[in-house]
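Hi,

Here is the structure I promised to pass on. Have a look at it first, and then read my notes on the charged pairs and a helix packing below.

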Amino acid sequence: MTVHNHAIVWVDHRIAKIFYLGLDVVDQRTIRADLPIEHLHHKANTIGSGKSHDDPNFFQWIDDALQYSKEVLIVGPGNEKNLLLKFLGQGQHSQGRVVHAEACDHPTDRETIALGRRHFHLGEPAR
C-alpha cells in the first residue's frame, strides 16, 4: 500500500472504513471491532442496561492504521467519531497529526471519498 498523508475515516461502534487519499489513488482498509454479538436488545424485567461493551482495542487499531497520515477527517453517525477524535489526539501517533470530525450519517464509499477530497482540497482524480 502506498503511504498517503490524507485519510478519511467513517466510524461507528462496530466498524471503521479508512480511505487513504492521494491525488490519483485511493487505498481502503476496514477495521472491525471485536464484539461478541452485532446487536443487543434489552428485555423487560432483566438486570443490566442492555448495552454491549466496547472493544478496548478498536481505537488503537485505527490509530495504528493511521500512523503515517498527517491529516485525518473522521465522519460518522452518533458519538463514536468524537470519542475517536479525542483518542487520536492523545494516541501514540498523534505527534504532528491534524484531526477533524464532521457529522455524517451513512454515505456510500464513493460519497465518503468525495467528502474527503473536498475537505483536503485534493480535487477529482485524473481519468
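A salt bridge here is a side-chain nitrogen of Lys or Arg within 4 Å of a carboxyl oxygen of Asp or Glu. This is a predicted model, in which local features need pLDDT of at least 70 and side-chain atom pairs count only at pLDDT 80 or more, while totals for chains, interfaces and linings use all residues. Residues are numbered from 1 along each chain as its sequence is written, and side-chain values use heavy atoms, with hydrogens and water left out.

By that rule there are three salt bridges.

Let me start with R97 and D63, whose closest N and O atoms are 3.0 Å apart. This pair links distant parts of the chain, 34 residues apart: R97 sits in the loop between α2 (80-90) and β5 (98-103), and D63 in helix α1 (residues 58-65). (Helices are DSSP runs of H or I with at least four residues, strands are runs of E with at least two, and both are numbered from the N terminus.) R97 counts as buried at 10% relative accessibility, and D63 counts as buried at 0%. For the cut-offs, buried means under 20% relative accessible area, exposed over 50%, and partly exposed in between, with a 1.4 Å probe and protein chains only.

Next come K17 and D109, with 3.1 Å between the closest N and O atoms. K17 is partly exposed at 25%, and D109 is partly exposed at 28%.

That leaves D12 and R14, whose side chains meet in a salt bridge at 3.9 Å, N to O. D12 is buried, at 10%, whereas R14 is partly exposed, at 27%.

Now back to α1, the helix that holds D63. Where does α1 meet α2? F59, Q60, I62 and D63 in α1 are in contact with E80, L83, L84, F87 and L88 in α2, contact meaning heavy atoms within 4.5 Å. These residues divide into six nonpolar, one polar and two charged (Ala, Val, Leu, Ile, Met, Phe, Trp, Tyr, Cys and Pro count as nonpolar, Asp, Glu, Lys and Arg as charged, the others, Gly among them, as polar). The axes of α1 and α2 come within 10 Å and cross at roughly 60°, on lines fitted to C-alpha atoms over the stretch in contact, with angles from 0 to 180 degrees between N-to-C directions.

Cheers
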